[in-house]
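Please take a moment to look over the model shown below, and then follow the paragraphs that come after it.

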Amino acid sequence: MPPKNANKKKKSGDDKKEKKLPDYLFKFRTPSRRLGSGGVLRKTSALGRLVKWPKYVQLQRQRKILLQRLKIPPALNIFNNACSRDYAGKLVKFCKNYSPESRAQKKNRLRAMAKLQAEGKPIPSEKKNTIKCGFNHVTNLIESGRAKLVLIAHDVDPIELVLWMPALCVKKDIPFVIVKSKARLGALVHKKSASCLAICEVDSGDAADLKALQTKARQVFNQRYNDLKKQWGKRTLGIKTRHKTEKRKRERKEEAQRRRAAQKVQDAAKHRT
């Protein structure tokens, strides 16, 4: 009889040969620029039409298209004329020096004050100049004339919350600036978003920089306010509507040419007679 171990070894060798799988089954694991997920779909922008997007994404896109199709009244169109990127960068850089303290900074300050109090040492009372935020707070600062520069976000929702603020700033002769992104303003005051900010007091070393920012704000917004409040926003029509209007224009043009040609023939016939 053949030994038992020999048969087992042969079987195990056969199993290994049978279990070997072809390489193409695992090709999807290698990254490829030509193929998408799983090595099946190509990465093209057309795939967005095949995706069932969430409801909030659909509403965002529908709202964006609807706003493009409508004529925007002047009071709303002012917020589409935000300041330039360079000027916004200068404003943010300036305001970062006057950001209010965060929760962690306040916690450390209170601990340091408690330690000084426990040791019987005098507690320093230094008041730091900071930028102010909040609808009511900024409104009171504008009405009292204490605000020296007001920053307003262009994407506040609902926009009615800040719709009146440019007119109030012009009435009180306070320079205002419309800045893109409420999130960018919120980052300056350690919040997710901020609809408006106000600069009231600055250090003596930054007075010249503040004056330059105020002059630019007056040139771009305050002095042009009367013109801006008369400008309607241009609407963007869809591709189908544009094709229809162009087709109508072509047909009208051809019809006018035909009529002119017919009129010329009639006039020539009259002269002959």
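In which helix does alanine 217 lie? Alanine 217 lies in helix α9, where helices (H or I, at least four residues) and strands (E, at least two) are DSSP runs numbered from the N terminus. This is a predicted model, in which local features need pLDDT of at least 70 and side-chain atom pairs count only at pLDDT 80 or more, while totals for chains, interfaces and linings use all residues. Residues are numbered from 1 along each chain as its sequence is written, and side-chain values use heavy atoms, with hydrogens and water left out.

At 0% relative accessibility, alanine 217 counts as buried, a term that means under 20% relative accessible area, with exposed set at over 50% and partly exposed in between (1.4 Å probe, protein chains only). The C-alpha atom of alanine 217 is separated by 9.4 Å from that of valine 150, although the two are 67 residues apart along the chain.

Rings of Phe, Tyr and Trp (its six-membered ring) pair if their centres lie within 6.5 Å, and planes under 30 degrees apart count as stacked, over 60 as edge-to-face and the rest as tilted. By this rule the count comes to two aromatic pairs. In one of them, the rings of phenylalanine 94 and tyrosine 98 have centres 5.5 Å apart and planes at 40°, so the pair is tilted; phenylalanine 94 is buried at a relative accessible area of 7%, and tyrosine 98 is buried at 3%. The rings of phenylalanine 176 and phenylalanine 221 have centres 5.5 Å apart and planes at 45°, so this pair is tilted. Phenylalanine 176 is buried at 0% relative accessibility, and phenylalanine 221 is buried at 1%.

Turning to the cysteines, a search of the whole structure finds zero disulfides, a disulfide being a pair of cysteine sulfur atoms within 2.5 Å. The sulfur of cysteine 169 has its closest cysteine sulfur in cysteine 196, at 9.1 Å, which is too far for a bond. Cysteine 169 is buried at 0% relative accessibility, and cysteine 200 is buried at 6%.

The backbone also deserves attention. Most residues other than glycine have a negative phi, and most peptide bonds are trans. Aspartate 157 and proline 158, however, are joined by a cis peptide bond with omega about 0°, and proline 158 is found in the loop between β2 (149-153) and α7 (165-171). Aspartate 173, in the loop between α7 and β3, has a positive phi near 55°. Serine 181, placed in the loop between β3 and α8 (182-188), has a positive phi of about 80° and counts as partly exposed at 25% relative accessibility.

Finally, consider the open space. A pocket is an open set of points on a 1 Å grid over the protein atoms alone, where a 1.4 Å probe fits, with protein on both sides within 12 Å along at least five of seven lines; lining residues have an atom within 4 Å of a point. The largest pocket is lined by 17 residues, of which Arg63, Leu67, Asn80, His154 and Ile159 lie nearest its centre.
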